[in-house]
Amino acid sequence: MVETQITIRLQSREGLKRIQTPPSLTTKALYDKVKESFGYCSYGYTLHRDRRNLKGSEIRSSISETIKQQGIKHGDLVFVEPIKGVNLFPEDEEMQDATAGSSSSGSTPGSINDGKRKDSYLPDLPLPASRSASMGSIVEDNVDITLSNQDGLIKRQKDSKMCRHGEKGQCVFCAPLEPYDEGYLKEQNIKHLSFHSYLRKLTGGVDKGKFAALEDLSVSIAEGCTAHPPWPKGICSKCQPSAVTLNRQTYRHVDNVMFENPLIVERFLSYWRSSGCQRMGFLFGRFEEHTDVPLGIRARVAAIYEPPQDTAKDGINFSLNDEKIEMVNQIATGLGLKCVGWIFTDLIPEDISKGTVKHLRGIHSYFMSAQECITAAYFQNTFPNPCKLSPKRGYFGSKFATVIVTGDEKHQVHMVGYQVSNQCMGLVKDLCLLPTKDAPELGYVKESSEKQYVPDVFYKQKDEYGNEVTRLARPLPVEYLLVDVPVSTPKEPQFTFTVKSGITPFPVENRLVDGQIQDFNALASYLNQFDSTTPFIEIVSDFHFLVFIATMDFVSIRDYVGPLLEAIRNGDYSKANEWRQSEVWGTVERLVEASIAPGMASNASVPGSSGQQQVITPQSVWTCSHCTFHNQNNGTACEMCQLPRA
């Protein structure tokens, strides 16, 4: 017997359509017919029987429920409501992509700028593109290229007791070891494999790593699935992320963080010593080989840049919207440096007379708090590591390191370094990991909601009977997400920037402390310390000084600083002296010369200047010739613009 056909009217923004269907049609098949009738490219819509009560009259997609059971009869009108933010037509998607590309400023391909980070205290991640990357388009760091061309074998000397062969022979007791040899690493007390040793382990064997491919963890629903309505209306095995079991990472991307000399850290800690407040900064340096670990990589730190921040004795609030950071990165690039990590203090004095601090972090409490782990993962996602074994994105993990200045077991100030695992980076990238309120050592993995699907995340630990059990990561001990990175200074100090004894360094940026503020007076005081015999390249070889002169307002130098940076990077004294003779720097020298007080004329002079001083007659009120501000003092500089009195 042929089943009677009924007519259903479909009302959408595109108009009215009619379809013929039997009453036994499932609601899922009804969604398919609607998609076919209107030419939609996805299931980004819902069906309703009553437009005035959309929530109560929704027709849910089901393979077991029919339209007859839903109460739909011949001639009924069904309303099609699109889901906000979901594209129903291919041309709409292209138009939105073009609009987003023209209207969003500073975003890169693959940026998470779709509003999903509204519940996060961190801004959008400028992640690299997720499109497939060809092997030729991936540009690895210089240290990675150098290490990939080495064999990495650990040489061994002939054993006089065990070897029974000639000088040119080899046996199992003297043959070179692979860089990932467990016995050697344990003997040398190396806790983690270097990243390139890990790659050699993956690409070893008979297949030579033919099928080895590195992929970062993703716990978000795969995009582009058209077999069902979007979450929370539907999900399938194709787009559903798998459950995650957290493992301790056996390798690390950076094996050591080395500060070139102790003065870098002392200059950073001077803020805490003078104010008692905590401080953070970004580490600028370069990556190089670390010979203490097979195929190891070391981050060599040359300077610390301190962004704008609100400091207190128990915490830091810093802003990532720094207007100077673009110029800072340009200066670092011109000097052959890059951002290799970040550093922050966690110091509370214990006995001021002895100079001791409290021992806060350790096995008895925590090594890094959950909030610090999330912030570190955010930075590592922002600075990904180029890798040719990651064909999808061209990036895998990160070399970005975290350094904490805190108290050790002897209550002395010391530094410890960490990285968070690649699994932690994936959880933070997909907004699945949260800090807890009362326990800093515990994180919490979100539960699924209508806005976001979160798969189950597990970790393994031993119970009181010594058995290994699997637990749900709610809450999650963040120690599973940490990788130790040693921090050190060399026996013989190294200097990228000049350090001269008897000279007060230029103030560090963004420090609102008396005597440490960067302004024109600080510039003049710094330059006046040098005599005419001091080479110019030694005067300007200071990272904080270069940042200030490139961003100062009273003389625009940012467009002319490139040749100076090249001279400093190459140690070219003659090229630095040529730049010194330029008109733009001559303007700065004349302003500094005019700002010197008469009492300082016999003791200081601007390098390269004639030493002539401008005598200023005290007046009650004088007008600045630069900004026309009326000053009520007899000073040598304007209170408003800080430029010298003319």
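## Basis of the description

The model is predicted, and local features need pLDDT of at least 70, side-chain atom pairs count only at pLDDT 80 or more, and totals for chains, interfaces and linings use all residues. Residues are numbered from 1 along each chain as its sequence is written, and side-chain values use heavy atoms, with hydrogens and water left out.

## Salt bridges

The whole structure holds 24 salt bridges. A salt bridge is a side-chain nitrogen of Lys or Arg within 4 Å of a carboxyl oxygen of Asp or Glu. One of them joins the side chains of Asp50 and Arg52, with 3.7 Å from N to O. Asp50 is partly exposed, at a relative accessible area of 27%, and Arg52 is exposed, at 80%. Here buried means under 20% relative accessible area, exposed means over 50%, and partly exposed lies in between (1.4 Å probe, protein chains only).

A salt bridge also joins Glu260 and Arg286, with 3.8 Å from N to O. This pair links distant parts of the chain, 26 residues apart: Glu260 is in the loop between strand S9 (256-259) and helix H6 (262-275), and Arg286 is in strand S10 (residues 280-290). Helices (H or I, at least four residues) and strands (E, at least two) are DSSP runs, numbered from the N terminus. Glu260 is buried, with a relative accessible area of 1%, while Arg286 is partly exposed at 23%. Both residues belong to a network of salt bridges that also includes Glu288, Arg298 and Arg300.

In the pair Arg279 and Glu306, the salt bridge has an N to O distance of 2.7 Å. Arg279 lies in the loop between H6 and S10, and Glu306 in the loop between strand S11 (296-305) and strand S12 (309-312), so the pair ties together parts 27 residues apart in sequence. Arg279 and Glu306 are both buried.

Strand S3 (residues 45-48) is covered on both faces. Tyr45 and Leu47 are buried on one side, and Thr46 and His48 are buried on the other. In a regular strand the side chains alternate between the two faces of the sheet.

S3 pairs with strand S5 (residues 77-82) in the antiparallel sense over 4 bridges; two strands pair if DSSP finds at least two bridges between them. In this pairing His48 stands opposite Phe79 of S5. S3 also runs antiparallel to strand S4 (residues 58-59), joined to S4 by 2 bridges. There Leu47 stands opposite Ile59.

## A sheet of three strands

An open sheet of 3 strands has the order S19-S20-S23, with antiparallel pairing. Strand S19 (433-435) and strand S23 (476-477) stand at the edges with a single partner strand each, so one side of each has no neighbour in the sheet. Strand S20 (residues 442-445) is joined to S23 by 2 bridges, and Gly443 stands opposite Leu476 in S23.

Helix H8 lies across S19 and S20 and runs at about 140° to S19. For this angle, axes are lines fitted to C-alpha atoms, for helices over the stretch in contact (heavy atoms within 4.5 Å). Angles run from 0 to 180 degrees between N-to-C directions.

Gln380 lies in helix H8 (residues 370-382) and is buried, with a relative accessible area of 1%. Apart from residues up to four places away in sequence, Gln380 touches Ser398, Phe400, Gln419, Val420 and Met425.

The count is 1 cavity of 30 Å³ or more, and the largest cavity has a volume of about 70 Å³. On a 1 Å grid over the protein atoms alone, a cavity is a set of points where a 1.4 Å probe fits but cannot get out, and lining residues have an atom within 4 Å of a point. Grid points are joined across faces, edges and corners, and a volume is the space filled by probe spheres set on the points. Among the residues lining the largest cavity are Asp216, Gln380, Asn381, Arg393, Met425 and Lys429. H8 and helix H9 (422-429) are the elements that give two or more residues to this lining, and H9 gives the most, with 4 residues.

## Lys33

Lys33 is in helix H1 (residues 27-38) and is partly exposed, with a relative accessible area of 28%. Leaving aside neighbours within four places in sequence, Lys33 is in contact with Ile19, Gln20, Thr21 and Leu25. Lys33 and Gln20 are 13 residues apart along the chain, and their C-alpha atoms are separated by 9.7 Å.

Methods
On a 1 Å grid over the protein atoms alone, a cavity is a set of points where a 1.4 Å probe fits but cannot get out, and a pocket is an open set with protein on both sides within 12 Å along at least five of seven lines; lining residues have an atom within 4 Å of a point.
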